[in-house]
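Let's take a friendly walk through this chain together. Have the sequence and the 3D view side by side as you read.

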Amino acid sequence: RRDLGAVGGRAIQDQVHQNQFLREQYLQELRMQKLYTEYHVNPRRKVHTITRKPMSWHDNLEEPEDGKFLNLVHHAAQRPRKRYPETQTESQEIGWEAEPLVSPKRQDHRLNHFRVYKDITLYKAKLWLLGEKDHRK
């Protein structure tokens, strides 16, 4: 037979002490317990939809849209720059202001180095496109 009032290897002999021990244990569990009465979807997780069964009558009923829920889902799907006016973490600061420092002009040859074909390089490039066996020739 196992004694319920055993504390640290010693048994509690008295019924009053055993009752007091169980009461303290019960009160400690009540302090740690939290009752949730409102449930909601985590807005930071992606929502996976499950297809409905075609012959189920309750799945084919039209339900009114919940505007608050739809706004919450759309807000969660936005990019961080649309959601927040400023960075929330230190690592978000990298790339937060993503506008280029210099305007990208395609005609500026200091910033854009395009591949230029001369006569011999154009000839070799066309050979490679046709499937030349040995590219080193």
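We will go from the overall layout to one helix and then to the pockets.

Keep in mind that this is a predicted model. The chain holds four helices and two strands, and along the sequence they run in the order β-β-α-α-α-α. Of its 137 residues, 7% count as buried, meaning under 20% relative accessible area. The accessible surface comes to about 14800 Å², and carbon and sulfur atoms account for 54% of that area. If you look at contacts between residues at least 6 apart in sequence, 11% of them join residues at least 24 apart.

Now turn to helix H4, which covers residues 119-130. With 12 residues at 1.5 Å each, H4 should span 16 Å, and its end C-alpha atoms lie 17 Å apart, so the two values agree. Just past H4 comes Gly131, whose phi is positive at about 95°.

Next, where is there open space? Rolling a probe the size of a water molecule over the atoms shows where it is left. The largest pocket holds about 210 Å³. Its lining is made of 13 residues, and Pro43, Arg45, Lys46, Ala76 and Ala77 are the ones nearest its centre. Helix H2 (residues 67-77) gives the largest share of that lining, with five residues. By class, the lining has eight nonpolar residues, four charged and one polar.

Arg52, Glu63, Pro64, Glu65, Asp66, Phe69 and Leu70 form its lining.

Conventions: Residues numbered from 1 in each chain as written. Predicted model: local features only at pLDDT ≥ 70, side-chain atom pairs only at ≥ 80, totals over all residues. Heavy atoms only, no water. Expected span 1.5 Å × (residues − 1). 1 Å grid on protein atoms, 1.4 Å probe; cavity = no way out; pocket = protein on both sides within 12 Å on 5 of 7 lines; lining within 4 Å. Points joined across faces, edges and corners; volume = space filled by probe spheres on them. Nonpolar A, V, L, I, M, F, W, Y, C, P; charged D, E, K, R; others polar. Buried < 20%, exposed > 50% of the residue type's maximum accessible area, 1.4 Å probe, protein only. Contact = heavy atoms within 4.5 Å. Areas by Shrake-Rupley, 256 points an atom, 1.4 Å probe, with all protein chains shown as cover.
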